[in-house]
Amino acid sequence: MDQLLLNWYYNNARQLPWRENIDPYSVWLSEIILQQTRVNQGLPYYNSFVEKFPNLQSFALATEEEILKTWQGLGYYSRARNMHRCAQLVLNQHQSVFPEEISALKKLPGIGNYTAGAIASIAYGQKTPAIDGNLIRVCSRILGIYEPPYSRLMFDKIHSFVLELMVNSKPGDINQALMELGATLCLPKNPNCENCPISDHCYAFENKTQSELPLPKKKTLVKDLFMYFLIIESDETIYIEQRPSVGIWAKLYQLPLIESKSELPFPELFQAIATKISSQNFTIVKISKPIIHKLTHRKIIASFITVNLGFEHKIPHVLLVKKTDLNKYPFPQLIADFFSKNHPS
Ligand code: SF4
């Protein structure tokens, strides 16, 4: 089966920049960017990272804000911060070269089983499966695995199967061929089995159980979070603040924020604004219609409130910045979208 799979891969794989230059830095960069991100969305980010930071040294020596700024819009910002720490460790402890051993790779920030497997197999040719969502779907269907999703038992079965495929073939190509099959033919809905090179070996195809496999994951509980962003500005300046170093959007910048687990009635909102800006002397000019912004565990209901301060007043713990400098700060996508609509640079 490995030859059928590889022949198909060599003739049909999409041309992607990280497949042209196979080195550990490109594999690491592309694999982390593409976690929970579609190729079309991740590709421009990969290109701009390579352009700004062409090698591991330049990545490691950049500031965290430069990395976050380049990452802006991809979400899951802890991935970008982990990448930065990882690059610094590789620079300082591994002479700028990613280690080859899985155990050493997994000690680096942000590198788990999957990314370690991808680097070790694709960049170093080691026989190591890299099991991501695509491999789970493809292999569950080929083998007819009805184990609980992401269980040890499921991983063990997929691991042994992929290792067998690697016995006489290039390990990195096997991993990539299975990923490519999952991304282009063996899709979650309506897999294109007619064009699949290994349909003759597929349990789900034979038994018409493609839609049952893999078994569904448990649904994540998504909680509401109300965010009231304050627009306090003059013609040239605007107030912004940095988020805490833990939690969602850690260390990114935003408009001064009031956050609540439930919707705030107007008197409470008014009082919360007074507390936030340490003044009772203000007027609310406008409150935008709420915007819904979805994260994995949160549904954010965001409102933008234009506030007029009655007199020259310094607000504690926030920054007064020039609007022309806004493009220097990393913002979550919700705020970046607000600025691009209201203060295009
Ligand atoms: S035959 Fe269909 S279900 Fe089976 S691996 Fe191929 S695309 Fe997936």
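The model is predicted, and local features need pLDDT of at least 70, side-chain atom pairs count only at pLDDT 80 or more, and totals for chains, interfaces and linings use all residues. Residues are numbered from 1 along each chain as its sequence is written, and side-chain values use heavy atoms, with hydrogens and water left out.

**Cavities**

The structure holds 2 cavities of 30 Å³ or more. A cavity is a set of points, on a 1 Å grid over the protein atoms alone, where a 1.4 Å probe fits but cannot get out, and its lining residues have an atom within 4 Å of a point. Grid points are joined across faces, edges and corners, and a volume is the space filled by probe spheres set on the points. For the classes in the table, Ala, Val, Leu, Ile, Met, Phe, Trp, Tyr, Cys and Pro count as nonpolar, Asp, Glu, Lys and Arg as charged, and the others, Gly among them, as polar.

| Cavity | Volume | Lining by class |
|---|---|---|
| Largest cavity | about 120 Å³ | 12 nonpolar, 3 polar and 1 charged residues |
| Second largest cavity | about 30 Å³ | 3 nonpolar, 2 polar and 1 charged residues |

The largest cavity has a volume of about 120 Å³. Of the 16 residues that line the largest cavity, Cys 186, Pro 191, Cys 193, Cys 196 and Cys 202 are the closest to its centre. Helix H10 (133-143) and helix H13 (203-207) each supply at least two residues of this lining, and the largest share, 3 residues, comes from H10; helices (H or I, at least four residues) and strands (E, at least two) are DSSP runs, numbered from the N terminus.

The second largest cavity is lined by Trp 18, Val 27, Ser 30, Glu 31, Ile 122 and Gln 176, and helix H3 (residues 24-33) gives the largest share of that lining, 3 residues.

**Ligand**

The space taken by the ligand is the largest cavity, where a molecule sits in a cavity if more than half of its atoms lie within 2 Å of its grid points. Around the ligand stand Arg 141, Ile 142, Cys 186, Cys 193, Cys 196, Ser 199, Cys 202, Phe 205 and Gln 210, a residue being near a molecule if one of its heavy atoms lies within 4 Å of it. By class, this shell has 6 nonpolar, 2 polar and 1 charged residues.

**Sheet**

An open sheet of 3 strands runs in the order S3-S2-S8 with antiparallel pairing, and its edge strands, S3 (253-254) and S8 (319-322), each pair on one side only. Two strands pair if DSSP finds at least two bridges between them; strand S2 (residues 237-242) and S8 pair in the antiparallel sense over 4 bridges, and the bridge partner of Ile 238 in S8 is Val 321.

Key: 1 Å grid on protein atoms, 1.4 Å probe; cavity = no way out; pocket = protein on both sides within 12 Å on 5 of 7 lines; lining within 4 Å.
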